[in-house]
Amino acid sequence: MSYIERKKGRTTGLIWGILLLCLGGVYVIQQYLYPSKVKVEVSVYPTILQVGDSLYFEETTPHPTTIQWVFGDGDFSSDSKGYHVYKKPGFYQLTYEINQKESQTFSIEVKPSVKENDGDYFTEIEAPTEAMQFENVMFRAITDKASLFSWKFGETGTIDAKEPFVVYAFQEAGEYEVYLYTDETAYPVVHSIRIYPSFENLNAELDVEEDYKTIDEDFKTHLQQIADGAPFNQHYNYLVDRYLCENENALVLVNTTKRNSFYYYCMGLRFDRKAFIESVKVGFNEEENCVTKLTIVQVSN
């Protein structure tokens, strides 16, 4: 082989060596400046649960530097897995963060805890605990098995109705124990209700409620915020803690005919973006120093 050919071969080898070194350098720089995205593997369940239930969370991300779970109720965790218990009902955004760069968000719905039936009681009564004299009060039997019903409302001394859903107006003010007999209960189911004297006229009612206008307006403002999509827990918990004495089952009367507990009314209001709250009137129990009833007028835009 001639000198020129040997020199040409060394030159070609040198060029290939330089190219390989350059490609290796580019790869290293790219990995340093643009690291590949870490594969995030996260498990969260159940996403719908009751107050007091355990939420399980777990991450199996390979070699994370730092992780953090943000539960949406003020609590945090840096554990790779574990359990969390929400203390109040509501909607929460659970966020999993890795290396302070990547994150995943999960929507968690926490419902009020459901009381289990004891002994022979398979039926419950759904009804308000307070109402006005001559007002139509709705009583509903909540049951999966009962088919025969007998209601005693305490005024006549006899059976007043035999349907699972009953509307009854008390003629006299006072405290009553309502009895519901069914073919699935060994003893009657009892519901206590207080009936207040009716107002003689609307002006008298307005005079009584004049002192509570500030509370009325405060309720109206925060309920409208919920309807407009503002943070649910902030406004809901404010009203429950400040005025309802943490009674989430306070009666809500909407447009004079529709009834809900305060919790379920707010749950529905959260998704009704067309709702406009025209007025709120509170029923205030001075002995307990709590709002026990809401009368709401609202329209859909």
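F276 stands opposite V299 of strand β19 in this predicted model. The pair belongs to two strands, β18 and β19. Strand β18 covers residues 275-285, and strand β19 covers residues 290-300. They run antiparallel and are joined by 10 bridges. Together β18 and β19 form a hairpin, with 4 residues between the strands. One turn residue, N289, has a positive phi of about 55 degrees. In a regular strand, side chains alternate between the two faces of the sheet.

A helix pair was examined next. Helix α3 spans residues 213-227, and helix α4 spans residues 232-242. Their axes lie 8 Å apart, and the helices pack at an angle of about 155 degrees. Angles over 145 degrees count as roughly antiparallel, so α3 is roughly antiparallel to α4. The crossing of α3 past α4 is left-handed.

Both helices supply side to this contact. From α3 come D218, F219, H222, L223, Q225 and I226. From α4 come F232, H235, Y236, Y238, L239 and R242. By class, the contact of α3 with α4 holds 7 nonpolar, 3 polar and 2 charged residues. An α-helix has 3.6 residues a turn, so residues three or four places apart point the same way.

Burial in α4 was then considered. The buried residues of this helix are F232, N233, H235, Y236, N237, L239 and V240. Helix α3 is among the elements that cover the buried residues of α4. Strand β7 (90-98) and helix α5 (262-270) are also included in that cover.

Key. Residues numbered from 1 in each chain as written. Predicted model: local features only at pLDDT ≥ 70, side-chain atom pairs only at ≥ 80, totals over all residues. Heavy atoms only, no water. Axes fitted to C-alpha atoms, helices over the stretch in contact; angles between N-to-C directions. Parallel < 35°, antiparallel > 145°, perpendicular 65-115°, else oblique. Left-handed = near helix turned anticlockwise from the far one by under 90°. Contact = heavy atoms within 4.5 Å. Nonpolar A, V, L, I, M, F, W, Y, C, P; charged D, E, K, R; others polar. Buried < 20%, exposed > 50% of the residue type's maximum accessible area, 1.4 Å probe, protein only. Pairing = 2+ DSSP bridges.
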